[in-house]
Amino acid sequence: MILEHALLQVDPKLSAEFEAAFDTAKGIIAAVPGFIRLRLSHCLESPERYLLLVEWESLEAHTEGFRQSEGYERWRELLHRFYSPFPTVEHYETVFAI
């Protein structure tokens, strides 16, 4: 399992609009083969910050399966306009878990 991590910076005045767009977009990513689950969390201390965590069966499920899919274009249309600056996306492998 691979964990995708992205800190999303969204103008707090656009939070409700962003969350509504994400509610639509989540169905796009969930339909991709290799998708396991996602979590979007809103930071309490920094209202402009969201944490997106997505679990994938493999790195390629995200980088090739999702990013090269037709659905990715719709995902971009729905969400990318909210990010300032554009987020760095990183992938992690589990070392320990309890």
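**View 1. Strand 1 and strand 4 pair in the antiparallel sense.** In this predicted model, five bridges link strand 1 to strand 4 (residues 89–93), and the two are antiparallel; strands are said to pair if DSSP finds at least two bridges between them. Ala6 has Val89 of strand 4 as its bridge partner. Helices (H or I, at least four residues) and strands (E, at least two) are DSSP runs, numbered from the N terminus. Residues are numbered from 1 along each chain as its sequence is written, and side-chain values use heavy atoms, with hydrogens and water left out. Because the model is predicted, local features need pLDDT of at least 70 and side-chain atom pairs count only at pLDDT 80 or more, while totals for chains, interfaces and linings use all residues.

**View 2. Ser15 belongs to helix 1.** Helix 1 covers residues 15–30, and Ser15 lies in it. Ser15 counts as buried because its relative accessibility is 10%. When residues up to four places away in sequence are not counted, Ser15 touches His42, Pro47 and Tyr50, where a contact means heavy atoms within 4.5 Å.

View 3. Leu78 is placed in helix 3 (residues 70–79), and it counts as buried because its relative accessible area is 11%. Leaving out residues up to four places away in sequence, Leu78 touches Ala21, Thr24, Ala25 and Ile28. The C-alpha atoms of Leu78 and His5, which are 73 residues apart along the chain, are separated by 19 Å.

**View 4. Phe82 lies in the loop between helix 3 and strand 4**. Phe82 has a relative accessible area of 4%, and therefore it counts as buried. Apart from its neighbours within four places in sequence, Phe82 is in contact with Gln9, Val10, Asp11, Leu14, Glu17, Phe18 and Ala21. One of these residues, Asp11, is 71 residues from Phe82 in sequence, yet their C-alpha atoms are 7.4 Å apart in space.

**View 5. The whole protein brings these elements together.** From the N terminus on, the order of the elements is β-α-β-β-α-α-β, with three helices and four strands. Of the 98 residues, 33% are buried. Among contacts between residues at least 6 apart in sequence, 72% join residues at least 24 apart. The C-alpha atoms fill a box of roughly 35 × 35 × 20 Å, taken along the principal axes.

Key
Buried means under 20% relative accessible area, exposed over 50%, partly exposed in between (1.4 Å probe, protein chains only).
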